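Here is a short briefing to read alongside the structure. Have the viewer open and follow the topics in whatever order you like.

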Amino acid sequence: MSFYNTTNETGQLLIGFRQAAKSQDQLVLELYQQAGKALAASEVEAILKNKKLISVDTPITSIRRSINTLTGEMKLRKTELKHDGPLGRKEYKWTILK
(Lines give C-alpha, C1' and ligand atoms only; values in the text may rest on other atoms or scores of the structure.)
Protein backbone atom coordinates (compact mmCIF):
# COMPACT_ATOMS: atom_id res chain seq x y z
CA MET A 1 0.00 0.00 0.00
CA SER A 2 1.45 3.36 -1.00
CA PHE A 3 -1.04 5.83 0.43
CA TYR A 4 -2.03 5.47 4.07
CA ASN A 5 -5.60 6.76 4.18
CA THR A 6 -5.56 8.02 7.77
CA THR A 7 -8.09 10.75 6.98
CA ASN A 8 -10.66 8.38 5.45
CA GLU A 9 -10.75 10.06 2.05
CA THR A 10 -13.00 8.60 -0.65
CA GLY A 11 -13.74 8.82 -4.37
CA GLN A 12 -11.60 10.75 -6.84
CA LEU A 13 -9.61 12.45 -4.08
CA LEU A 14 -8.48 9.09 -2.71
CA ILE A 15 -7.66 7.84 -6.21
CA GLY A 16 -5.54 10.94 -6.82
CA PHE A 17 -3.68 10.55 -3.51
CA ARG A 18 -2.93 6.91 -4.26
CA GLN A 19 -1.64 7.73 -7.76
CA ALA A 20 0.60 10.52 -6.42
CA ALA A 21 2.03 8.24 -3.73
CA LYS A 22 2.71 5.47 -6.24
CA SER A 23 4.46 7.94 -8.57
CA GLN A 24 6.62 9.18 -5.71
CA ASP A 25 7.49 5.61 -4.69
CA GLN A 26 8.67 5.02 -8.26
CA LEU A 27 10.80 8.19 -8.22
CA VAL A 28 12.41 7.19 -4.93
CA LEU A 29 13.09 3.64 -6.15
CA GLU A 30 14.63 4.90 -9.41
CA LEU A 31 16.86 7.28 -7.46
CA TYR A 32 18.19 4.43 -5.30
CA GLN A 33 18.75 2.31 -8.42
CA GLN A 34 20.72 5.11 -10.09
CA ALA A 35 22.64 6.20 -7.00
CA GLY A 36 24.49 2.95 -6.52
CA LYS A 37 24.98 3.78 -2.84
CA ALA A 38 23.05 4.01 0.41
CA LEU A 39 21.05 7.20 0.97
CA ALA A 40 19.22 8.71 3.94
CA ALA A 41 15.74 10.20 3.55
CA SER A 42 17.06 13.76 3.72
CA GLU A 43 19.56 12.99 0.96
CA VAL A 44 16.79 11.55 -1.22
CA GLU A 45 14.66 14.62 -0.54
CA ALA A 46 17.49 17.01 -1.43
CA ILE A 47 18.33 15.21 -4.68
CA LEU A 48 14.71 14.98 -5.84
CA LYS A 49 14.05 18.64 -5.02
CA ASN A 50 17.31 19.75 -6.66
CA LYS A 51 16.34 17.86 -9.83
CA LYS A 52 12.85 19.40 -9.56
CA LEU A 53 11.29 15.93 -9.56
CA ILE A 54 9.22 16.80 -6.48
CA SER A 55 7.81 20.08 -5.24
CA VAL A 56 9.82 22.15 -2.78
CA ASP A 57 6.73 21.85 -0.58
CA THR A 58 6.91 18.03 -0.45
CA PRO A 59 7.42 17.11 3.22
CA ILE A 60 10.24 14.81 4.33
CA THR A 61 7.58 12.57 5.88
CA SER A 62 6.34 11.83 2.38
CA ILE A 63 9.81 10.66 1.36
CA ARG A 64 10.04 8.57 4.52
CA ARG A 65 6.66 7.02 3.66
CA SER A 66 7.98 5.99 0.26
CA ILE A 67 11.10 4.49 1.82
CA ASN A 68 8.96 2.59 4.33
CA THR A 69 6.66 1.31 1.57
CA LEU A 70 9.59 0.20 -0.60
CA THR A 71 11.23 -1.51 2.38
CA GLY A 72 7.99 -3.41 3.05
CA GLU A 73 7.90 -4.43 -0.62
CA MET A 74 11.45 -5.80 -0.23
CA LYS A 75 12.87 -3.30 -2.73
CA LEU A 76 14.97 -1.35 -0.21
CA ARG A 77 16.75 -2.37 2.95
CA LYS A 78 17.91 -0.39 5.95
CA THR A 79 21.67 -0.35 6.49
CA GLU A 80 23.72 0.26 9.61
CA LEU A 81 25.16 3.41 7.98
CA LYS A 82 24.06 6.75 9.40
CA HIS A 83 23.97 10.29 8.02
CA ASP A 84 23.94 13.62 9.83
CA GLY A 85 20.40 14.78 9.21
CA PRO A 86 19.33 18.38 8.63
CA LEU A 87 18.32 18.89 12.28
CA GLY A 88 21.59 17.61 13.71
CA ARG A 89 20.31 14.11 14.37
CA LYS A 90 21.62 10.92 12.85
CA GLU A 91 19.39 9.14 10.36
CA TYR A 92 19.83 5.69 8.88
CA LYS A 93 20.60 5.09 5.24
CA TRP A 94 18.76 2.66 2.97
CA THR A 95 20.01 0.87 -0.11
CA ILE A 96 18.52 -1.03 -3.00
CA LEU A 97 17.83 -4.68 -2.21
CA LYS A 98 19.53 -6.87 -4.79
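With the side chain of which residue does the side chain of serine 66 make a polar contact at 3.0 Å? The partner is the side chain of arginine 65. Please keep in mind that this is a predicted model.

**Serine 66 and its surroundings**
- Serine 66 sits in helix H3, and its relative accessible area is 0%, so this residue is buried.
- Besides the contact with arginine 65, the side chain of serine 66 makes a polar contact with the side chain of glutamine 24 at 3.2 Å.
- Setting aside neighbours within four places in sequence, serine 66 touches Gln24, Asp25 and Val28.

**The largest nonpolar core**
- This core holds 15 residues, and Val28, Tyr32, Val44, Leu48, Ile63, Ile67 and Leu76 have the most contacts inside it.
- At least two core residues each come from helix H1 (11-35), helix H2 (41-50), helix H3 (60-72) and strand S3 (90-96).
- With 4 residues, H1 gives the most to this core.
- Take leucine 48 as a place to look: leaving aside neighbours within four places in sequence, leucine 48 is in contact with Leu27, Val28, Leu31, Leu53, Ile54 and Ile63.

**Alanine 41**
- Alanine 41 belongs to helix H2 and counts as buried because its relative accessibility is 2%, under the 20% cut-off.
- Beyond neighbours within four places in sequence, the contacts of alanine 41 are Ile60, Ile63, Arg64, Ile67 and Glu91.
- Although 51 residues separate alanine 41 from tyrosine 92 in sequence, their C-alpha atoms are 8.1 Å apart in space.

**Strand S3 and its partners**
- S3 is mostly covered, with 5 of its 7 residues buried.
- Strand S1 (residues 39-40) pairs with S3 in the antiparallel sense over 2 bridges; here alanine 40 stands opposite lysine 93.
- Strand S2 (residues 76-84) also pairs with S3 in the antiparallel sense, over 6 bridges, and leucine 76 has isoleucine 96 in S3 as its bridge partner.
- The hairpin of S2 and S3 has 5 residues between the strands, and glycine 88 takes a positive phi near 80 degrees there.

**Rings**
- Lysine 78 lies over the face of tyrosine 92, at 4.1 Å from the ring centre.
- How many aromatic pairs does a search of the whole structure find? The count is 0.

Note on methods: Residues are numbered from 1 along each chain as its sequence is written. This is a predicted model: local features need pLDDT of at least 70, side-chain atom pairs count only at pLDDT 80 or more; totals for chains, interfaces and linings use all residues. Side-chain values use heavy atoms; hydrogens and water are left out. A nonpolar core is a set of buried Ala, Val, Leu, Ile, Met, Phe, Trp, Tyr and Cys residues joined through side-chain atoms within 4.5 Å. Buried means under 20% relative accessible area, exposed over 50%, partly exposed in between (1.4 Å probe, protein chains only). Contact means heavy atoms within 4.5 Å. A polar contact is a pair of N or O atoms within 3.5 Å; within protein, one must be able to donate a hydrogen and the other to accept it, and residues adjacent in sequence count only if both atoms are side-chain atoms. Rings of Phe, Tyr and Trp (its six-membered ring) pair if their centres lie within 6.5 Å; planes under 30 degrees apart count as stacked, over 60 as edge-to-face and the rest as tilted. A charge sits over a ring if NZ of Lys or CZ of Arg is within 6 Å of the ring centre and within 35 degrees of the ring normal. Two strands pair if DSSP finds at least two bridges between them.
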